[in-house]
Amino acid sequence: MYFVDQTMRAVALTSMYSDRYIAQMHARWPGPVAEADTQPLPVSPDGQLVAGEFYASSVDPSIHYALPQYQVHVADGRYQASLRWIANPAVRSDPIGVLTIDLAGPLPSAPGFSVQEIAHTAIVRLRYRQPLDDRTRPRGMPAELFAGEWRNTDRATRGMTRLVIERVDATTVSFHGYGACQPEDCDWGVVQAQVRGDRAMGIYDFGWKQTRIVVSRTGAQLIAEVIDDYTEADGRQDRSATYTLETRAAEQALPPFAYELGALNPIGPALRRCEMPIYERADFDRIYQIMTEQRFGGMLELRCFATVGHRSWRQVVTSGSFDWLRRPLAQSIAQPSVPATRPISASIFG
């Protein structure tokens, strides 16, 4: 058996028992190589860290490292998040309110291993969507906000399964509807629909019935009222149904907003806190809505910054006597540290 050394020469394994060879090898390569001389390997496949996953120690096999799995701290059945109004600030430049959120950061368990926390800094943001409802939307809905491929949230529906909407002009869109059929959805075809105020309406004429579809936006969802008007020759009774549809394109049409809450600071074992002073009444009112109304889709986003080591393919054999049975053949050399980040999102209230 042969090994290839750093000079790309084949060296017989038996020759490595020689202290002379070990001394020569150590003299030619006295220490860790420069970063430019080799390609470092990340501790994870993509170079990022994931909360709740384990990263083995390159020194002690009994130790695993991990990032905490943060969640809003619950005490006595209540989320430890508060929005406090300051009625009489001492001076005009003082905040009028304070948002405080406590997060618990337990480490995952690994039976048989000692789990240690990766030293990191966590930055918190409060993200939300601007809902389109009667209190916040302008008069007249732009045709663009109806556009998208909308799917029924009820996957077992026996009515309309999909509605593809495209903008035609400022006051017109097209409807391309689909209904529940087997083995594939029935294609209703394409009709034009007029945008009036905050609604769009289109009519399908199937011959034996007319189907009127009226849609309106509610946040990231589309509410569709479908009314079937059967002919006298058909004989069936008219009927109507209301469907809730969602689309990824709709979420993109409503860009998320965010408040920067700052860094997490330790306040106890596995507990951290972030506080944001509030200086404007409009911000205070909006944060109150985000924390109390689900239509805003309030989410906490955590971005963790950590410094981790990289392992190298380079190997070095220590000088001196070599005991094949009791000492490892080689040991890895740690490369310079690099930052690794990973956003973590969690719902504020369930």
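**Close-up views of the predicted model**

The structure holds one disulfide, meaning a pair of cysteine sulfur atoms within 2.5 Å. Everything here comes from a predicted model, where local features need pLDDT of at least 70 and side-chain atom pairs count only at pLDDT 80 or more, while totals for chains, interfaces and linings use all residues. Residues are numbered from 1 along each chain as its sequence is written, and side-chain values use heavy atoms, with hydrogens and water left out.

**View 1. The disulfide of Cys181 and Cys186.** Zoom in on the two sulfur atoms and you'll find them 1.6 Å apart. A disulfide is a covalent bond between the sulfur atoms of two cysteines. The angle about the S-S bond is -95 degrees, making the Cys181 and Cys186 link left-handed. Cys181 is partly exposed at 25% relative accessible area, and Cys186 is partly exposed too, at 31%. Here, buried means under 20% relative accessible area, exposed means over 50%, and partly exposed is in between (1.4 Å probe, protein chains only). For two other cysteines, look inside: Cys274 is buried at 1%, and Cys304 is buried at 2%.

**View 2. Strand E14 and its two partners, E13 and E15.** E14 covers residues 172-179, and eight of its eight residues are buried. Helices (H or I, at least four residues) and strands (E, at least two) are DSSP runs, numbered from the N terminus. In a regular strand the side chains alternate between the two faces of the sheet. Both faces of E14 are covered, with Thr172, Ser174, His176 and Tyr178 buried on one side and Val173, Phe175, Gly177 and Gly179 buried on the other. Strands count as paired if DSSP finds at least two bridges between them. E13 (residues 160-169) runs antiparallel to E14, with eight bridges joining the two; Val164 has His176 as its bridge partner in E14. The hairpin from E13 to E14 goes through two residues. E15 (residues 186-196) is also antiparallel to E14 and is joined to E14 by eight bridges, with Val191 in E15 as the bridge partner of Phe175. The hairpin from E14 to E15 passes through six residues.

**View 3. The largest nonpolar core, 29 residues.** A nonpolar core is a set of buried Ala, Val, Leu, Ile, Met, Phe, Trp, Tyr and Cys residues joined through side-chain atoms within 4.5 Å. Leu261 and Leu300 touch the most other members of this one. At least two core residues each come from strands E9 (97-104), E11 (120-128), E20 (257-263), E22 (271-278) and E23 (299-316), and from helix H3 (281-292). E23 gives the largest share, five residues. There's also a second, separate core of 20 residues, which includes Val195, Val215, Tyr243 and Leu245.

**View 4. His120 and its surroundings.** His120 sits in strand E11 and counts as buried, at 17% relative accessibility. Its side chain makes a polar contact of 2.8 Å with the side chain of Tyr70. A polar contact is a pair of N or O atoms within 3.5 Å; within protein, one must be able to donate a hydrogen and the other to accept it, and residues adjacent in sequence count only if both atoms are side-chain atoms. A polar atom of the His120 side chain also lies 2.7 Å from the backbone oxygen of Ile118. Setting aside neighbours within four places in sequence, His120 is in contact (heavy atoms within 4.5 Å) with Leu67, Pro68, Tyr70, Arg272, Cys304, Phe305 and Ala306.
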